[in-house]
Amino acid sequence: IEQAMRKLVTTLANTFQRSIFMNAVGIDVSKGKSTVTIRRPGNEVLLPPCDFPHTQSCINGLIEQIKSLDGETKVCMEHTGRYYEPVASWLSDAGIFVSAVNPILIKEFGDDSLRTPKTDKADAKKIARYTLDRWTNLKQYNHMDEIRSLLKTMNRQFGFYMDHKTAMKNNLIALLDQTYPSANDFFDSPARSDGSQKWVDFVYTYWHVDCVRGRSPEAFAQHYQDWCRRKGYNFSASKAETIYSRSSDLIAVFPKDNTTKMLIRQAVAMLNAASATVESLRQKMDETASALPEYPVVMAMHGVGPTLGPQLMAEIGDVTRFTHREALTAFAGVDPGSRQSGKHEQKSVRTSKKGSPNLRKTLFQIMAGLIKRSPADDPVYAFMDKKRAQGKPYYVYMTAGANKFLRIYYGRVKEYLSTDTEADNV
C-alpha cells in the first residue's frame, strides 16, 4: 500500500509539474494582424492580449518569444478564411506546435459567463482557454494541411468561375435570341478538353441567321464543311441540311451589321475565356488532389470522378480530425436532427444544415449522378431507391443518401489511412 501511495503521489506530482509548464498560445487571426495571448493553467497570464502585424519581423519576434518559454507550448487558432494560413505556416516551419480548429468549436466553447464580448482580445483569451482544455486532443498543422488548403482555395475559385461561365453562357444565348434564335440547340456535342463547345464555335462564325440563309443550300453546305475541317469537327451533310432548313424560317430582331457582330463575338470570347479557366482549374485540382493519401480510395467510389472527387476531398479535408462518422455528417449538415422532451419524441426532424454548404452542394451533385446512372451494386443508390420507392420527397431521400455516402466515405478512408500508416511503420 505504501509503495502504491508513493507511486500515486509521484504521478500526481509529475502531472502537476507538467501542467505548470503548459503554455497555451491563443491567436485570433484577422486581416493584416493577429491578437495573441499566452496563458497557463490557473489563469496565469504570461502575455496579455496584444497585436502582432503580419510582417516577417513581427512574426519572427513572436516565434522567439514562444520559443523562450519553459515547458511545452501549443499554439491554437481558428481556420477562418485564408487569413490564418501564413501565420500557421510560418510558426509550423519554425518547429512550433500549431493547431488550426473549426471556428464553430471555439464559438460553442463555454465561457462560464453571461457576458459574451466580441473583441479580438476576448477571442484570443477564449482560444487560449480552449487550448488548455483540449490540450491532448489538438491536432498539429502540417504540410498536408497546406495541400488541402490549396485544394480548397482552388475549389472556391472553380465555383466562382463556374458561376461566371454560366452567366456568360446565358448572356450569349440571350443575344442569340435576337440574332439567331435556337442556334445553341443545333449541337449536343460534349465540351472539349479546353472547354470549347461546337455550338459556341458555330455562332462565332455564323453569328446571324442571314449568315446561313443568305447563301444557297449548296454554298452553305460547302462553307460548313470547310468550317468543320478547320475546327476539327465531324461533317454531316444531313446536319447541314437540318441547320439550313431550320434557319430559313427564323426571325432575327437585330440587323446583320458590324455592331451586332461585335456583340456576339465579344460574348463568345468571354464565354470561351471562362470555359478555358474552368477546365484548367479542373485539371489542376485533380493533379493536386492526387497528392493526398486518400485519393485512390475516394476516386474508386461510385458517383465520384475527376471533377467531384477533388471537390469532395477539398471540402471534407483531413477525415482523421473527425472522431466518429456522426461528426462528419454533422460537419456537412446532413445529420438527422432529434427533438425529445419528456414523453414526447418527434419522429421526423429537419437536418441541421449547420455545416459546410459547399460540401452539401458537392454531395447533392454526387447523389444526382448516382440517381442518373443507377448503379445496381452501389449501396448508396440502393438506399436512395428504397426511400424513393417508399414515397419519400426528393430532398429527403437525397439528404439520406448523402448521409449514408459520408458514413461509407468515413469508414473506407479511415481504414485505408490506418492501413497505409501501418505499412509505412513496418
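Biologist: Where is the place of D318?

Modeller: D318 lies in the loop between helix 13 and helix 14; helices here are DSSP runs (H or I, at least four residues), numbered from the N terminus. This is a predicted model, in which local features need pLDDT of at least 70 and side-chain atom pairs count only at pLDDT 80 or more, whereas totals for chains, interfaces and linings use all residues. Residues are numbered from 1 along each chain as its sequence is written, and side-chain values use heavy atoms, with hydrogens and water left out.

Biologist: Is D318 buried or exposed?

Modeller: D318 counts as buried, at 10% relative accessibility. Buried means under 20% relative accessible area, exposed over 50%, and partly exposed in between (1.4 Å probe, protein chains only).

Biologist: Which side chains does the side chain of D318 make polar contacts with?

Modeller: One is K139, at 2.9 Å, and another is T320, at 2.7 Å. A polar contact is a pair of N or O atoms within 3.5 Å; within protein, one must be able to donate a hydrogen and the other to accept it, and residues adjacent in sequence count only if both atoms are side-chain atoms. Leaving aside residues up to four places away in sequence, D318 touches K139 and R148, where contact means heavy atoms within 4.5 Å.

Biologist: Turning to charges, how many salt bridges are there in the whole structure?

Modeller: The search finds 13 salt bridges, each a side-chain nitrogen of Lys or Arg within 4 Å of a carboxyl oxygen of Asp or Glu. One of them joins E315 and R156, at 2.4 Å from N to O. This pair links distant parts of the chain, with E315 in helix 13 (residues 308–316) and R156 in helix 6 (residues 143–179), 159 residues apart.

Biologist: And how accessible are E315 and R156?

Modeller: E315 is buried, with a relative accessible area of 2%, while R156 is partly exposed at 32%.

Biologist: What about R388 and D385?

Modeller: Their side chains form a salt bridge of 3.0 Å, N to O. Both residues belong to helix 16 (residues 379–389) and are three residues apart, about one turn of the helix. R388 is partly exposed at 30%, and D385 is partly exposed at 31%. Elsewhere, salt bridges that share partners join K33, D51 and D120 into one network.

Biologist: Staying with helix 16, which residues are buried there?

Modeller: V380, Y381 and M384 are buried in helix 16. Their directions from the helix axis to the C-beta atoms fall within an arc of 95 degrees, so the buried residues line one face of helix 16.

Biologist: What caps the N-terminal end of helix 16?

Modeller: D378 does, with a side-chain oxygen 3.3 Å from the backbone nitrogen of V380. Just after helix 16, G391 has a positive phi of about 90 degrees.

Biologist: Which cluster do the ring pairs form?

Modeller: Ring pairs link a cluster that includes Y180, F186, F202, Y224, W227 and Y244.

Terms used:
Helix = DSSP H or I, 4+ residues; strand = E, 2+ residues; numbered from the N terminus. Phe/Tyr/Trp six-rings, centres within 6.5 Å; stacked < 30°, edge-to-face > 60°.
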